[in-house]
Amino acid sequence: MNDQQLLRYSRQIMLPEVGVEGQEVLLGSTMLLIGMGGLGAPTALYLAAAGVGHLIIADFDTVELSNLQRQVIHHTNDIGKLKVDSAKQKMQAINPTIKITSVSDLDENNLPKWLELCDIVLDGTDNFDTRFKINQACVASKKPLVSAAVIRFEGQLSVFKGYDASQPCYQCLYSTDGNSNENCTDNGILAPVAGMLGTMQALQALKVALNLGEQLVGKLMIIDALDLTFRAVTISKDPDCPICQQN
């Protein structure tokens with residue numbers, strides 16, 4: 001690291017658990033962030049600020065007025081722009097020294113290609129079908145998946161390493177049958193709840209990269225923002241899971 005980098009990241013480097021070596025790990029890391037909405041907005045800003053060397057951000061959507069209540073990376077003058085273009089501009093303003101790649105055409109066909117480039121995947125999408133496809137690709141490519149979800153006053157957060165014979169994948173937690181695609185569009189959300197979960201998602205990704213503390217592997221954190229309660233439950237590996245039991 002040069003002097004400017006040492007100064008930029010000095011408050012992280014001061015932490016004994018991070019230090020210069022840990023900061024260099026972050027600078028050498030690549031993370032794929034899928035979804036630049038309510039979760040992806042704070043996640044992207046904090047990971048950029050923290051010095052993750054290469055951030056790949058993926059979203060096909062454009063900024064709408066109704067997004068601005070919670071998707072804090074987008075501003076009023078961004079309405080109509082691709083979310084990845086809007087997000088990239090704000091991330092570069094915070095930290096012009098890292099590499100940011102924007103992808104507006106991510107799908108199940110080219111997802112494996114992008115996974116080859118990254119160390120960690122962050123899922124900030126809002127529907128089960130997409131989450132299942134991301135999970136399957138992460139298991140196949142042996143990439144850690146930091147998954148968050150948020151709706152109304154509620155949030156969930158976990159880290160999945162389903163490629164590990166002893167650890168569950170996302171589909172061990174949620175079956176493809178009987179899950180409704182509830183989202184903020186149909187059910188609403190209090191703005192800071194998305195910020196809470198997105199920030200915690202960024203935190204977990206950094207902890208996975210640095211192998212620090214409780215990483216929520218095999219656990220699901222359930223947050224009720226109305227009562228401000230946090231509860232962690234254990235997730236067991238499903239012996240009949242069609243995804244992770246094939247590995």
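This report covers the sheet, the helices packed on it, the cores and some individual residues of a predicted model.

## Basis of the model

Residues are numbered from 1 along each chain as its sequence is written, and side-chain values use heavy atoms, with hydrogens and water left out. Because the model is predicted, local features need pLDDT of at least 70 and side-chain atom pairs count only at pLDDT 80 or more, while totals for chains, interfaces and linings use all residues.

## The sheet

Eight strands make an open, mixed sheet in the order 3-2-1-4-5-6-7-8. Strands (E, at least two residues) and helices (H or I, at least four residues) are DSSP runs, numbered from the N terminus. Two strands pair if DSSP finds at least two bridges between them.

Which strands stand at the edges? They are strand 3 (99–103) and strand 8 (229–234). Each has a single partner strand, so one side of each is left without a neighbour in the sheet. The twist averages 15° from one strand to the next. Axes here are lines fitted to C-alpha atoms, for helices over the stretch in contact, and angles run from 0 to 180 degrees between N-to-C directions.

## Strand 5

Strand 5 (residues 145–151) pairs with strand 4 (residues 120–123) in the parallel sense, over three bridges. V121 stands opposite L145. L122 has V146 as its bridge partner.

Seven of the seven residues in strand 5 are buried. Buried means under 20% relative accessible area, exposed means over 50%, and partly exposed lies in between (1.4 Å probe, protein chains only). In a regular strand the side chains alternate between the two faces of the sheet. Both faces of strand 5 are covered: one side carries L145, S147, A149 and I151, the other V146, A148 and V150.

Touching, or contact, means heavy atoms within 4.5 Å. Just after helix 4, G51 takes a positive phi of about 95°.

Helix 10 (residues 191–210) also packs on the sheet. Its contacts are strand 1, strand 4, strand 5, strand 6 (154–160), strand 7 (219–224) and strand 8. The direction of helix 10 makes about 15° with that of strand 6.

## Helix 3 against helix 10

The axes of helix 3 (residues 19–27) and helix 10 come within 10 Å and cross at roughly 110°. That makes the two helices roughly perpendicular, a label for angles of 65 to 115 degrees; under 35 counts as roughly parallel, over 145 as roughly antiparallel and the rest as oblique. At this contact, G22, V25 and L26 in helix 3 meet L206, A209 and L210 in helix 10.

## Nonpolar cores

A nonpolar core is a set of buried Ala, Val, Leu, Ile, Met, Phe, Trp, Tyr and Cys residues joined through side-chain atoms within 4.5 Å. The largest has 42 residues. Those with the most contacts inside it are M31, L33, L47, L55, I57, M91 and L122. Helix 10 gives the most to this core, with eight residues.

What does M91 touch, not counting residues up to four places away in sequence? It touches A44, A48, L55, I57, I73 and I100. A second, separate core of 21 residues includes I56, C118, L145 and L220.

## Residues to look at

Q204 is found in helix 10. Is Q204 buried or exposed? It counts as buried, at 5% relative accessibility. Beyond its neighbours within four places in sequence, Q204 is in contact with V146, L157, V159, E214, Q215 and L216. L216 lies in the loop between helix 10 and strand 7. It is buried, at 5% relative accessibility. Its phi is near 65°, a positive value in a residue other than glycine.

R152 lies in the loop between strand 5 and strand 6. It too is not a glycine, yet has a positive phi of about 50°. At 27% relative accessibility, R152 counts as partly exposed. P144 sits in the loop between helix 7 (128–141) and strand 5. It is buried, with a relative accessible area of 10%. P144 and V208 are 64 residues apart in sequence and 8.1 Å apart in space, C-alpha to C-alpha. P144 is in contact with V208, and its other contacts outside four places in sequence include D119, I120, V121 and F160.
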